[in-house]
Amino acid sequence: MGLLEARETAAQVRVEELREEAKRVLAELAEAEAVLERRAIARMELAEALAAPEPTAEPPPEAAPAVARAPVAGSVVPHWQEGLTVEALSPDYQRLVGVLEAEAGGTGLRAGALAGRLGLEVVPAKVEGVRSKVKRLVERGWLAEERPGVFTPRRAAG
């Protein structure tokens with residue numbers, strides 16, 4: 001019985017030694033993988049930089065005014081810029097801008113009032129959907145939010 005206990009103890013010691021060795025090897029492996037990843041990224045970045053055409057002394061041609069393609073529902077709201085018309089927006093966003101331009105009367109409208117004027121049921125889910133859209137229009141420069149929660153048409157520069 002003593003002989004078996006001695007062998008078991010020796011096996012436990014060996015297992016612990018191997019575990020420690022495995023931890024050390026795994027740590028070295030992780031460090032080596034990180035170095036490899038950094039070097040691969042550096043190589044790809046260098047290849048991209050070398051493949052890019054050399055910049056010319058000429059300035060790029062003036063950007064043509066943005067021409068709106070037919071927007072589709074769910075399309076991205078572009079940032080407003082000079083020459084861009086409301087037709088660049090999807091139909092839902094066009095309706096929001098149109099209602100604010102027609103009915104705001106200079107005082108602005110809240111999301112709930114907008115939802116009602118759009119013919120939507122004035123329930124939290126619909127109001128929050130409208131609020132999300134008008135906030136996006138404000139962020140992109142199509143509308144203004146002069147007071148918190150009150151949306152107005154964008155003021156013309158001048």
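Guide: Contact here means heavy atoms within 4.5 Å. The model is predicted, so local features need pLDDT of at least 70 and side-chain atom pairs count only at pLDDT 80 or more, while totals for chains, interfaces and linings use all residues. Residues are numbered from 1 along each chain as its sequence is written, and side-chain values use heavy atoms, with hydrogens and water left out.

Visitor: Which residues does threonine 152 touch?

Guide: Leaving aside residues up to four places away in sequence, threonine 152 touches Leu100, Thr107, Gly108, Leu143, Ala144 and Glu146.

Visitor: Why is threonine 152 called buried?

Guide: Buried means under 20% relative accessible area, exposed over 50%, and partly exposed in between (1.4 Å probe, protein chains only). Threonine 152 has 2%, so the residue counts as buried.

Visitor: What makes residues 150–153 a strand?

Guide: Strands (E, at least two residues) and helices (H or I, at least four) are DSSP runs, numbered from the N terminus. Residues 150–153 are strand 2, where threonine 152 lies.

Visitor: How do you know that the buried residues of helix 4 line one face?

Guide: Those residues are Val127, Val130, Val134 and Leu137. Seen down the axis, they fall within an arc of 85°, so they line one face of helix 4. The arc is that of the directions from the helix axis to the C-beta atoms. On the other side, Pro124, Ala125 and Glu139 are exposed.

Visitor: What covers the buried residues of helix 4?

Guide: The cover includes helix 2, helix 3 (111–117), strand 1 (143–147) and strand 2.
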